[in-house]
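Then we'll walk through some questions together.

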Amino acid sequence: MEENLFNLLNQRRSVRSFTDEQVKKDDLIKIATAARTAPTALNTQSRKFTIVQNKTLIQKLAKAIGQAHGNPDYNLYNPNALLLISSPKDYESGQVEIGLAAMNAYLAVTALGLGTVWTNEIHNICDHENVR
């Protein structure tokens, strides 16, 4: 088991080019469940997990992010699905807990033979009217 874990850790890569194949709903649930099992401070469980599979909605979000950052060509690398992990703005441990959850998600993605990439483009613009 130890060897399998280290192999999985070493296999994880950022992918910035995705196929058009739709991610299976069962796989998305497995990924979100893995993310949800990450630890939280005092077991607060204050994170929210949002899965988006609608390609039009994903591109609308990408465009809003790009506009907010002054990059009209931004496209979030054209994924077929997103897992958005959020926490209350004023929650002191939010960023760390989101990072822990994201790492669990990345490892689940790798275990399923899929690809993912971490982006933090939305962090400072989450209240921008077109992003929210």
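**Starting in a loop**

Q: Is Ser 46 buried or exposed?
A: Ser 46 has a relative accessible area of 16%. The cut-offs are under 20% for buried, over 50% for exposed and partly exposed in between, using a 1.4 Å probe and protein chains only. So Ser 46 counts as buried.

Q: How far can you trust this chain, and what is its mean pLDDT?
A: This is a predicted model, so local features need pLDDT of at least 70 and side-chain atom pairs count only at pLDDT 80 or more, while totals for chains, interfaces and linings use all residues. Residues are numbered from 1 along each chain as its sequence is written, and side-chain values use heavy atoms, with hydrogens and water left out. The score pLDDT is the predictor's confidence in each residue, from 0 to 100. In this chain 98% of the residues reach 70 or more, and the mean pLDDT is 89.

Q: Which helix has the highest confidence?
A: Helices (H or I, at least four residues) and strands (E, at least two) are DSSP runs, numbered from the N terminus. Confidence is lowest in α1 (residues 2–11), at a mean of 83. The highest mean is 96, and it belongs to residues 25–36, helix α2.

Q: Where is Ser 46, and which residues does it contact beyond its neighbours in sequence?
A: Ser 46 sits in the loop between α2 and β1. Contact here means heavy atoms within 4.5 Å. Skipping neighbours within four places in sequence, the partners of Ser 46 are Ser 86, Ser 87, Pro 88, Tyr 91 and Glu 97.

Q: Which elements do the buried residues of α4 pack against?
A: Helix α4 covers residues 94–111, and its 18 residues reach 26 Å from first C-alpha to last, close to the 26 Å expected. That expected span is 1.5 Å times one less than the number of residues. Among the buried residues of α4 are Glu 97, Ala 101, Ala 105 and Leu 107. Their packing partners are α1, α2, β1 (48–52) and β2 (82–86).

Q: How are α1 and α4 oriented to each other?
A: Their axes are 9 Å apart and the angle is about 100 degrees; axes are lines fitted to C-alpha atoms, for helices over the stretch in contact, and angles run from 0 to 180 degrees between N-to-C directions. Under 35 degrees counts as roughly parallel, over 145 as roughly antiparallel, 65 to 115 as roughly perpendicular and the rest as oblique. That makes α1 and α4 roughly perpendicular.

Q: How many nonpolar residues are in the contact of α1 with α4?
A: From α1 come Leu 8, Leu 9 and Gln 11, and from α4 come Leu 107, Thr 110 and Ala 111. Ala, Val, Leu, Ile, Met, Phe, Trp, Tyr, Cys and Pro count as nonpolar, Asp, Glu, Lys and Arg as charged, and the others, Gly among them, as polar. The contact has two polar residues and no charged ones, and the nonpolar count is four.

Q: What is the relative accessible area of Leu 76?
A: Leu 76, in the loop between α3 and β2, has a positive phi of about 55 degrees although it is not a glycine. Leu 42 also has a positive phi, about 50 degrees, but Leu 42 is exposed at 84%. Leu 76 is buried, with a relative accessible area of 8%.

Q: How far is the C-alpha of Leu 83 from that of Ala 102?
A: Leu 83 is in strand β2 and, at 26% relative accessibility, counts as partly exposed. Its contacts beyond four places in sequence include Phe 49, Ile 51 and Ala 105. Leu 83 and Ala 102 are 19 residues apart along the chain, and their C-alpha atoms are separated by 8.9 Å.

Q: Which residues does Glu 121 touch?
A: Glu 121 lies in the segment after α4 and counts as partly exposed at 31%. Its C-alpha is 10.0 Å from that of Tyr 74, 47 residues away along the chain. Not counting residues up to four places away in sequence, Glu 121 touches Ile 65, His 69 and Tyr 74.
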